[in-house]
Amino acid sequence: MAADQGITIPHPLRPLSADELAKARDLIVKAQGGDGNAFFFRSAGIEEPKRGDLASFLAAEHEGRVPEFVPPRQVKLLYDVIKEGKAQLTETVVDVDAGVISNTKAFPSRCQTSYTAQEFGMFQEACISSEMFKEAIEEFTLPENFVITIDPWPYGGPDVDEDVPRYMQGLVYARDTSKKNIDSNHYAYPMPIIPVMDVATKKLIRVDRLATGGRDDGLFPAPVDKSKPKKLFERSSSAEYVPELLEIPFRTDLKPINVTQPEGASFKVHGDNLVEWQKWRFRVGFTLREGAVLHDVTYDNRPIIYRLSFSEMTVPYGDPRPPFQRKQAFDFGDGGIGRAANNLKLGCDCLGAIHYFDQVMATSEGKPDVAKNVICLHEQDNGIGWKHTNFRTGRAVVTRLRELVVQFVATLANYEYVFAYKLDTAGGITVETRATGIVSVVPIDEGKTSGYGNVVHPGVLAQNHQHIFAVRIDPSIDSYGATDTAVVLEESHPIPTNPETNPYGNGYEVRRRRVERAGFEDAEPKLNRVVRIENARKKNAVSGKNVGYKLVPNATQLLLADDASVQAARAPFAKHHLWFTGYRDNEFWAAGEFTNQAPREEGGVKAMVERGDWFVDGLEADVVHGTNGTNGEVHDDDDEKKGQLSTPIVWNVFGLTHNPRVEDWPVMPVEIHQFHLRPADFFTSNPALDIPSTRNESSVLVPCCDDQAHGHDGADGVNGTRQSSTCCSSTSLQTDSTVQRNPMTHLQGTGPDVDPKDIPVSPSKEKRRLSATLSNLFSWKKD
């Protein structure tokens with residue numbers, strides 16, 4: 001931060017440096033390294049400042065003054081302290097500037113944090129060295145040249161009667177080595193076993209057998225005849241996707257589309273991850289759990305969002321055959337989306353003029369390791385931004401909608417997820433997810449079908465499942481004040497026909513309801529339910545309404561698992577489209593901090609609602625019949641669980657119910673979901689009015705049917721010719737069609753415009769006007 005008096009203050013939201021991580025790690029090892037203790041480091045990142053402290057700093061930053069207080073620079077590390085073979089999960093926050101440990105806490109054994117790459121790596125060795133696994137493999141006969149490959153998976157939610165330590169399971173496949181290509185698709189050959197490992201002992205504790213039958217074959221696997229191994233993949237075939245193994249020719253008529261920016265990018269990136277672009281200004285953060293995070297999003301120096309992040313995703317599978325009742329991933333909490341982030345490649349994952357962000361991560365020894373290119377930043381065209389044609393005068397004005405995209409991609413076993421924040425030139429923010437990769441598959445007997453999924457390849461069943469996401473929105477609408485944000489639900493309702501108020505039945509009314517307390521809601525398309533996030537104290541100078549942004553939640557299908565199931569108990573967030581909770585520092589997780597093997601949610605949005613926070617000053621906790629007014633319990637003995645006046649946090653939940661298609665195989669075309677945050681009376685006019693309506697000079701005209709009159713394939717083989725330059729606000733419509741040019745074709749008047757004084761009045765109309773004037777003057781009435 002550059003402030004007055006020539007003082008430069010490092011920003012509290014700057015990315016973690018390798019030196020900071022090394023210093024924090026060394027302080028921990030020095031403080032706790034005695035008595036034979038060993039350490040296994042799991043994650044490291046910046047401990048974000050308390051909202052009150054950071055908000056004060058941000059306000060000073062935007063006003064160009066030196067802040068009265070600079071939050072301490074703190075690094076948080078999560079690690080195991082291992083003594084006598086037992087691991088104690090521990091979290092320590094280190095003040096790296098002061099060189100001291102701020103606090104340390106140990107977690108109870110039920111708190112299972114996310115798996116690390118090292119833990120996943122143990123699974124393969126545990127299987128290979130296990131007699132139990134070898135015996136399971138001997139129940140089958142594989143074709144010649146086939147080898148075994150294993151995908152480690154989270155164990156999932158334990159059954160009701162289970163009390164288990166830290167477990168991991170694995171999905172087993174075979175790969176055909178005759179292809180002589182290590183990228184040959186092993187998912188085409190799923191095997192009917194799932195080994196389970198105790199992470200602490202690194203030993204297999206059992207190998208589950210899978211049912212492979214069809215619709216009428218029951219939930220459980222057929223008995224195993226160990227004297228007669230079952231032959232696998234006799235009629236199976238490969239299902240390749242890598243280019244060199246495809247058995248179909250590539251398209252030859254797909255010509256390049258080049259994204260070029262001859263004058264360079266329009267954005268600017270500073271060394272502390274500050275990004276400036278088209279009146280937008282924000283900071284890019286990154287965590288091992290969430291991936292990319294946007295901080296302090298402002299437009300024209302007006303704050304809009306304090307923090308925006310993807311919080312969680314649960315993927316429950318709908319196959320009730322054991323052990324698939326446990327097949328439910330929490331990809332943020334169980335593994336970490338940021339940890340699984342791809343190294344993005346120029347010209348592949350992002351096109352155009354690209355800036356990449358790196359991230360410092362911790363190895364298992366706590367040492368710095370730089371993950372390269374985990375986020376890409378680029379601009380893209382998204383079609384027409386706004387347009388109007390005045391056919392009275394023959395003039396059209398059109399501009400383009402440009403977006404700045406912050407994107408990252410994560411690979412988790414078979415699936416890929418593409419996450420993006422898109423800020424546009426009209427003041428809008430789009431949050432987007434894309435699902436691709438390879439669907440999770442299990443074996444099915446040849447010739448059979450199943451109600452629990454779809455057969456996408458011979459012997460391969462892609463199971464029905466859902467992807468349910470939660471995005472956390474921490475708003476700061478035109479203010480960093482703790483009580484300045486209001487959340488309002490706005491709905492459009494029909495008005496019954498009424499001879500006095502709605503005589504023709506066409507009217508409808510807009511109803512507003514302020515969200516005063518923590519709670520939840522669902523999307524309602526029939527009422528066009530809109531979430532308006534407003535500044536409770538500032539009015540729009542034109543409309544008189546509170547300045548704000550709006551969110552229209554998408555009415556996607558929510559969690560299908562029965563309310564009494566373990567799947568539902570672990571993911572209450574997935575039961576509603578909207579949650580409204582009170583702000584607490586470091587409370588970021590829709591399903592709670594510890595999702596791995598959790599039998600139920602602990603500390604997620606459901607618990608936050610039950611706390612009973614309120615958002616309107618003057619409302620105390622409404623204690624009625626032992627509750628706090630939000631169907632939650634009263635906690636007189638725990639201040640952390642007591643309700644209080646809070647800034648509202650909005651959680652938007654949306655999902656994809658994925659009943660696989662054959663077209664999803666062998667690799668899935670992207671499934672795209674978006675929601676939008678749009679200004680709603682935040683500005684006094686269209687904020688994109690000042691976008692130049694400039695003609696794109698690289699566009700060319702492509703002829704039809706070798707039509708030489710309008711264009712031709714030139715000598716250089718390029719299919720298209722340029723036209724003479726005219727701007728996109730030209731007075732020429734470039735058309736010879738009389739119908740197309742006629743204003744009446746477009747429901748516009750013919751003109752010319754007329755001064756009301758010049759409109760002639762007919763004699764009969766003049767008499768009626770005089771009669772009406774005299775009647776009013778003398779109060780005459782007709783009999």
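**Exercise 1.** Is C350 buried or exposed?

*Solution.* The model is predicted. Take the cut-off: buried means under 20% relative accessible area. C350 has a relative accessible area of 2%. C350 is therefore buried.

**Exercise 2.** Find the disulfide in the structure and describe the link.

*Solution.* 
- Step 1: Search the whole structure. One disulfide turns up.
- Step 2: Identify the partners. They are C350 and C376, with sulfur atoms 1.8 Å apart. The cut-off is 2.5 Å, so the pair qualifies.
- Step 3: C350 lies in the loop between α5 (331-335) and β17 (355-362). C376 belongs to strand β18 (residues 368-390).
- Step 4: Assign the hand. The S-S torsion is about -65 degrees, so the disulfide is left-handed.
- Step 5: Check the burial of C376. Its relative accessibility is 0%, so C376 is buried.

**Exercise 3.** Which residues of helix α3 (residues 117-128) are buried, and what covers them?

*Solution.* 
- Step 1: List the buried residues: E119, F123, A126 and C127.
- Step 2: Locate them around the axis. Their arc is only 90 degrees, so they sit on the same side of α3.
- Step 3: Turn to the face away from that buried side. It carries the exposed residues A117, E125 and I128.
- Step 4: Name the cover. It includes α4 (131-137) and the strands β1 (38-46) and β6 (146-154).
- Step 5: Check C127. Its relative accessibility is 0%, so C127 counts as buried.

Key
Residues numbered from 1 in each chain as written. Predicted model: local features only at pLDDT ≥ 70, side-chain atom pairs only at ≥ 80, totals over all residues. Heavy atoms only, no water. Helix = DSSP H or I, 4+ residues; strand = E, 2+ residues; numbered from the N terminus. Buried < 20%, exposed > 50% of the residue type's maximum accessible area, 1.4 Å probe, protein only. Arc of directions from axis to C-beta. Contact = heavy atoms within 4.5 Å.
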